[in-house]
Amino acid sequence: MTSPRAEALAGAPNPRRAEILAAAAELFARRGYHGASIGDLGRAVGLTGPALYRHFSGKEAVLAEMLLDISERLLAEGVRRAAGPDPGRALDALLRWHIAFALDNPALITVHERELDNVPEPQRHRVRRLQRAYVEEWVAVLRRLNPGLRDDRTRAAVHACFGLLNSTPRSAAGLDREAMGDLLHAMARAALEGAR
């Protein structure tokens, strides 16, 4: 069995598959997984529904790959950013990465929050493993910042912080991207530093 870190280093999807995944994220976020057909998805990328089957075995496979891909990308970049020698800078780097991801990918966040239960169990298990590993990167950085923190409290703080950062599909409409990014950074940093 490969580790979540090794899984996160897997290559990105080819450009056509990436285009299909991006279109599916928008459709699933807008209509819900069950409200979008394979034909709808094909039309969104200029293919017939049957032609889409050359790229994916079905809608379920599209959703599974989409959520695995974002989990792998978050973890791979999280590992890289958490490795910095200064834990304060590592935390800022993690925050900046996650905030940029959240601001740039509201559809993916919406789909992940609403549709993970529609992913087949083996892939859903892998997504959860990757997510836990990503959380542990944050926990390790926070523990370096404050060695007295208990793991359970630190994990709870990280999950609460993700709730704040992943609110962007609902919260980011009133400010421009830079202002929203700065606000999220300040709020999340203060919240994590307050978890003592």
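I began with the lining of the largest pocket, and found that helix 8 supplies the largest share of it, six residues. The model is a predicted one, in which local features need pLDDT of at least 70 and side-chain atom pairs count only at pLDDT 80 or more, while totals for chains, interfaces and linings use all residues. Residues are numbered from 1 along each chain as its sequence is written, and side-chain values use heavy atoms, with hydrogens and water left out.

**Pocket**

I noted a volume of about 430 Å³ for the largest pocket; on a 1 Å grid over the protein atoms alone, a pocket is an open set of points where a 1.4 Å probe fits, with protein on both sides within 12 Å along at least five of seven lines, and lining residues have an atom within 4 Å of a point. The volume is the space filled by probe spheres set on the points, which are joined across faces, edges and corners. The lining has 20 residues, and those closest to the pocket centre are Leu 74, His 112, Gln 131, Phe 162 and Asn 166.

I then looked up which helices (DSSP runs of H or I, at least four residues, numbered from the N terminus) contribute to this lining: at least two residues each come from helix 5 (59-82), helix 6 (87-104), helix 7 (106-115), helix 8 (121-145) and helix 9 (151-165). By class, the lining holds nine nonpolar, seven polar and four charged residues, where Ala, Val, Leu, Ile, Met, Phe, Trp, Tyr, Cys and Pro count as nonpolar, Asp, Glu, Lys and Arg as charged, and the others, Gly among them, as polar.

**Salt bridges**

I took a salt bridge as a side-chain nitrogen of Lys or Arg within 4 Å of a carboxyl oxygen of Asp or Glu, and the count by this rule is 17. One of them joins the side chains of Glu 65 and Arg 17 at 2.2 Å, N to O, linking distant parts of the chain, since Glu 65 lies in helix 5 and Arg 17 in helix 2 (residues 15-31), 48 residues apart. Arg 17 has 21% relative accessibility and counts as partly exposed, the class between buried (under 20% relative accessible area) and exposed (over 50%), with a 1.4 Å probe and protein chains only.

I next checked Arg 177 and Asp 104, whose closest N and O atoms are 2.8 Å apart in a salt bridge. This pair also links distant parts of the chain, helix 11 (residues 177-193) and helix 6, at 73 residues apart. Arg 177 is partly exposed at 45%, and Asp 104 is partly exposed at 47%.

Which side chain does Arg 114 meet in a salt bridge? The partner is Glu 115, at 3.9 Å, N to O; Arg 114 is partly exposed at 45%, whereas Glu 115 is buried at 6%.
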